[in-house]
Amino acid sequence: MLRNPIHLRLEKQEPWQHVVFMASLCERMYPNYQLFCLQTGFGDPAIYRRILDLVWETQIVKDAKVNFDLQLEKLEECIPAADDYDFYGVYPAIDACVALSELLHSHLSGETLEHVITVSETSIRTVAMLEMTEAEREMTEEELNALPSIEQEWDVQWEIFRLLAACEKRDIDLIKGLRADLREAGISNIGINLQQ
């Protein structure tokens, strides 16, 4: 799948930076899941929202206690099955759940690097799959990398990475600001905006 030098750079970051990076990308994928739930009546976007909010809380509130096993169980009940739906929207919804699942697994395992790269790849894959679905054909990595939507997704990931890389230690105000900015924007990685 699409690789980027950001994946090598992420190796040099601290676990808290990985968690905030993953939470940021999940925040950007949340509208994809939310729209799917609204269109189908499946699941409950409020559960996804609450789980993601708990993850943010672990980065903002000192000694925040979260039962990540329980959150993972709740999330697993909310993941749609691709075979149950015959329209494209199920795939970005599944990707959003995969990304949040990776984030929860990183907390459970205590290992963040492998998970942060998977979340980055999942987010870019969502964009690539939309482009290929709309084009009705497979595309090479070179073709995909030339697309403005792919370029924009990498730009957003780099912007989040650079904000975090500039911090020598966990910066609560930066984390709160990043969360607020992503929520206010309310635009997913594939351009879905339910706040209009």
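**Entry 1: Thr126**

I began with Thr126, which is found in helix α6; helices here are DSSP runs of H or I with at least four residues, strands are runs of E with at least two, and both are numbered from the N terminus. The model is a predicted one, in which local features need pLDDT of at least 70 and side-chain atom pairs count only at pLDDT 80 or more, while totals for chains, interfaces and linings use all residues. Residues are numbered from 1 along each chain as its sequence is written, and side-chain values use heavy atoms, with hydrogens and water left out.

I looked up the accessibility of Thr126 and found it buried, with a relative accessible area of 1% (buried means under 20%, exposed over 50%, partly exposed in between, with a 1.4 Å probe and protein chains only). Leaving aside neighbours within four places in sequence, I listed Met29, Asn32, Tyr88, Pro92, Asp95, Asn189 and Ile190 as the residues in contact with Thr126, where contact means heavy atoms within 4.5 Å.

**Entry 2: the salt bridges around Glu27**

I noted seven salt bridges in the structure, a salt bridge being a side-chain nitrogen of Lys or Arg within 4 Å of a carboxyl oxygen of Asp or Glu. I then followed those of Glu27, whose side chain meets that of Arg49 at 2.8 Å, N to O. This pair links distant parts of the chain, since Glu27 belongs to helix α2 (residues 15–40) and Arg49 to helix α3 (residues 45–60), 22 residues apart. Glu27 is buried at 5% relative accessible area, and Arg49 also counts as buried, at 16%.

Glu27 has a salt bridge to Arg183 as well, at 3.3 Å, N to O. Because Glu27 lies in helix α2 and Arg183 in helix α9, the pair ties together parts that are 156 residues apart in sequence. I recorded Arg183 as partly exposed, with a relative accessible area of 28%.

Asp53 counts as partly exposed, at 25% relative accessibility. Through shared partners, the salt bridges join Glu27, Arg49, Asp53 and Arg183 into one network.

**Entry 3: the nonpolar core**

I looked up the largest nonpolar core, which has 62 residues, those with the most contacts inside it being Phe21, Tyr33, Tyr48, Leu103 and Ile150; such a core is a set of buried Ala, Val, Leu, Ile, Met, Phe, Trp, Tyr and Cys residues joined through side-chain atoms within 4.5 Å. At least two residues of this core come from each of α1 (6–10), α2, α3, α4 (68–76), α5 (90–109), α6, α8 and α9, and α2 gives the most, with 13 residues.

For Phe21, with neighbours within four places in sequence left aside, I found contacts to Ile6, Leu10, Val116, Ser120, Gln157, Ile160, Phe161 and Leu164.

I also checked Leu72, which lies in helix α4 and counts as buried at 7% relative accessibility. Beyond four places in sequence, Leu72 is in contact with Ser101, Leu104, His105 and Leu108. The C-alpha atoms of Leu72 and Glu102 are 9.6 Å apart in space, and the two residues are 30 apart in sequence.

**Entry 4: the largest pocket**

I read off a volume of about 370 Å³ for the largest pocket, a volume being the space filled by probe spheres set on grid points that are joined across faces, edges and corners. On a 1 Å grid over the protein atoms alone, using a 1.4 Å probe, a pocket is an open set of points with protein on both sides within 12 Å along at least five of seven lines, and lining residues have an atom within 4 Å of a point. Of the 21 lining residues, Arg28, Gln152, Val156, Leu182 and Ile187 are the closest to the centre of the pocket.

I found that α6 (113–135), α8 (148–165) and α9 (172–185) each supply at least two lining residues, with the largest share, seven residues, coming from α8. By type, the lining divides into ten nonpolar, five polar and six charged residues, with Ala, Val, Leu, Ile, Met, Phe, Trp, Tyr, Cys and Pro counted as nonpolar, Asp, Glu, Lys and Arg as charged, and the others, Gly among them, as polar.

**Entry 5: positive phi**

I noted Asp63, a residue other than glycine, with a positive phi near 65 degrees. Asp63 lies in the loop between α3 and α4 and is exposed, at 60% relative accessible area. Glu136, not a glycine either, has a positive phi of about 60 degrees; Glu136 is found in the loop between α6 and α7 (141–145) and counts as exposed at 73% relative accessibility.
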